[in-house]
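The following exercises concern one protein structure. Please study the sequence and the model shown here, then work through each solution in order.

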Amino acid sequence: MSKTRPPLTYSCLEHKANADLLAGRLRVASPGRSKYSSLVTCICNSHGVVVIRMPMSATSPFFLISFLGSGSSCHPLTFQNVLYFGAMHINSPYFGRACINCRRRKIKCDGVKPMCGPCSRYAVAFGDCEYTDNGPSSGQMLEEQISILQSRIEELEKPKGKGLTLSIPSGSRGYSSSTSQMSPSSQISPSNTMALGPLLAYFHQQQTSGASIDPNAANSMPTELPFIVLQALVHNFLHNANCFGFFLDTQAFHDAVTNNNGRTLPPVLLNVMYLWGVHLSNDARITVYEPAFLAHALRSTAGSLAGTHPRTVLHSAQASVLLANYFLRNARALEGRYHTSAAVATALSAGLHMIRGRNRPPAAEALAPPNDAVEEGERISACWSVLTLNNCWAGVDGAPSNVTYGPGGLTIDTPWPLEGRDYVERPNLLPRHSSDTVASFLTNSPDNVNSSAALYAKAGILFEAATRLGAQYRANGISRSDTNLGNLDRRIDTFVAALAPVQSKAMLVVHTLAHGATIRLHEPLANNHGFARTKALSAARAIVEILVKTDVPKVGVIDPVLAPLWTSCCRILIAEIVRRRTQGGHTQGLNDGLNIVIAAMQIFATDCRLISIQLEIVRRACNGAQIG
């Protein structure tokens, strides 16, 4: 008997009779698959949801959505009416620890990361060893986007009518039901935007004219987006969420968004997710409405902690982290610091810094005990995501940190974060009791936790400590009896030496942040102390070497903290070029390194305002130093 896929769910506002017609379309749409045609069944339930069941070897989901989206034979099954929830890869019971290549080749995978054994033996042919632990892989996302684009092209080439039907089921995504029929002649929208609805057009008109916006209209704007656009926003966000401090369980979040119409998620989280999706979109017809989604997201955060959802605290902290990263990425530092402070206040007030603490006081029980290992893992990840955000950006701009460590400061007892699956599959990695996690790390006590989130958190702690200590030296110099610099310098060196090679986007950030800590520690002393200049220059060269070994154009969206780190690297290289030039020394290698960093910044500057601004700072510094 053939195995059957988990149900692939398409939501159609169709009459039940269309289920049989849909099944017929699927059966005739599979050339070479006739032996499976009788096994394809479609059932339309009472909520208007068509459930498709098909054999494991039958038509691929990507083909299905391409076919269903074509609208070639059954009018109301058009691209806008059919909603594709791309969750079959994650929700399938056959989803395991194997990489994508091994699953496709149907061979046993050892699950080793970043590259499994079978792929490493055929590295030339299978150099893109990818896992789906944190959602769809880049390959799956690309295939899905190609299918969607093909469907859209087909529909535009063969339009069924002049009007566009937008249908949103009742209660979907926390908004009220909205169904509107629009025609090009009835819409008021800017010429370079997608005709998404009168409210979005109204917002754009009011924004460009400087007039005030009706709050009721602003609240309703996201409901006008076609569901296929909302799905694209979800994919934009989830595919890059790890770059912006997303700490919730990706699997559960994906399920909540795609399988239950968002009803288990509060509006604040959905609105911030949509904002990020719009921001990451490359379609100017959508990004023109980014201010509308920002206003909507900010409005929903005002009372986020007053919600009745059982996970209100985590959702509020997550929204604050995402908004902080959004503003920082867009070079709006003041607003970024505001939301960073909000995230820290939420996390500390809820006692997330004392999880599994040996001496946890009763008053710290602000949250009910977690329901399972996954929920406890989310709380641990939340704590470190918030603290790392604070540590990195307090170090970047030198502003006072929201958290002070060390004697007289805050004690962090929460254990280091694990990889998402390890909370369930390897719970023994978490200590029964935990205490003084940060202090133990700074004194080099072993902990054997090397998850990407833990390494990022550790690098952030070193960066913040180096920036704080470096600022003291900049103001007061260094005394002969000072031992803090040597201790911290050795700790950074030990940390860097133990890091695995850069084979992922996460490790690119960790390595760069650690070397940035060395620069921040020694740069204030570089003019007067040769050892400090040498250490800072070595760290800058290490950052250049990382970029040389990285296929930068294929990195995609990056963590915004890399922008100021690359600027610090360039500043050290420029200073050394000027110093050597005055002494008649060779500068070609330094110039080459500087150009490598500038070239990397140029690649990301078009999509990230912060990098664009930092790149301009570097260019001005080069012009001031007369470096061509």
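A crossing is called left-handed if the near helix is turned anticlockwise from the far one by less than a right angle, and right-handed if clockwise. This is a predicted model, in which local features need pLDDT of at least 70 and side-chain atom pairs count only at pLDDT 80 or more, while totals for chains, interfaces and linings use all residues. Residues are numbered from 1 along each chain as its sequence is written, and side-chain values use heavy atoms, with hydrogens and water left out.

**Exercise 1. Describe how helices H11 and H13 pack.**

Step 1. Helices (H or I, at least four residues) and strands (E, at least two) are DSSP runs, numbered from the N terminus. H11 covers residues 267–280 and H13 covers residues 290–301.

Step 2. Two packed helices are described by the angle between their axes and the distance between the axes. Axes are lines fitted to C-alpha atoms, for helices over the stretch in contact, and angles run from 0 to 180 degrees between N-to-C directions. For H11 and H13, the axes come within 9 Å and cross at roughly 160°.

Step 3. Angles under 35 degrees count as roughly parallel, over 145 as roughly antiparallel, 65 to 115 as roughly perpendicular and the rest as oblique. H11 and H13 are therefore roughly antiparallel to each other.

Step 4. The handedness of the H11 and H13 crossing is left-handed.

**Exercise 2. Describe the packing of H23 against H21 and against H22.**

Step 1. H21 spans residues 505–522 and H23 spans residues 562–582; their axes are 10 Å apart, at an angle of about 45°. The two helices, H21 and H23, are therefore oblique to each other, and their crossing is left-handed.

Step 2. The axes of H22 and H23 come within 9 Å, crossing at roughly 120°. H22 is therefore oblique to H23. This crossing of H22 and H23 is left-handed.

Step 3. Ile558 is located in the loop between H22 (530–548) and H23. Between the C-alpha atoms of Ile558 and Leu508, which are 50 residues apart along the chain, the separation is 9.6 Å.

Step 4. Buried means under 20% relative accessible area, exposed over 50%, and partly exposed in between (1.4 Å probe, protein chains only). With a relative accessible area of 3%, Ile558 is buried.

**Exercise 3. How many disulfides does the structure hold?**

Step 1. A disulfide is a covalent bond between the sulfur atoms of two cysteines. The cut-off used here is a pair of cysteine sulfur atoms within 2.5 Å.

Step 2. The structure holds 0 disulfides. The closest cysteine sulfur to that of Cys102 belongs to Cys99, and at 3.5 Å it is too far for a bond. Cys109 is likewise in no disulfide, the nearest cysteine sulfur being that of Cys102, 3.8 Å away.

Step 3. Cys102 is buried, at a relative accessible area of 1%. Cys109 is buried too, at 17%.

**Exercise 4. Is Cys392 buried or exposed, and where does it lie?**

Step 1. Cys392 belongs to helix H16, residues 373–397.

Step 2. Its relative accessible area of 1% makes Cys392 buried.

**Exercise 5. Locate Asp436, Asn444 and Asp249, and state how exposed each residue is.**

Step 1. Asp436 is in the loop between helix H17 (422–425) and helix H18 (437–442). Although Asp436 is not a glycine, it has a positive phi of about 45°. Its relative accessible area is 36%, and Asp436 is partly exposed.

Step 2. Asn444 lies in the loop between H18 and helix H19 (452–476). Asn444, not a glycine either, has a positive phi of about 70°. At 40% relative accessibility, Asn444 counts as partly exposed.

Step 3. Asp249 sits in the loop between helix H9 (227–240) and helix H10 (250–259). Asp249 is partly exposed, at 22% relative accessibility. The C-alpha atoms of Asp249 and Ser381 are separated by 9.3 Å, and the two residues are 132 residues apart along the chain.

**Exercise 6. Which residue lies over the face of Trp416?**

Step 1. A charge sits over a ring if NZ of Lys or CZ of Arg is within 6 Å of the ring centre and within 35 degrees of the ring normal.

Step 2. Lys458 lies over the face of Trp416, 5.2 Å from the ring centre.
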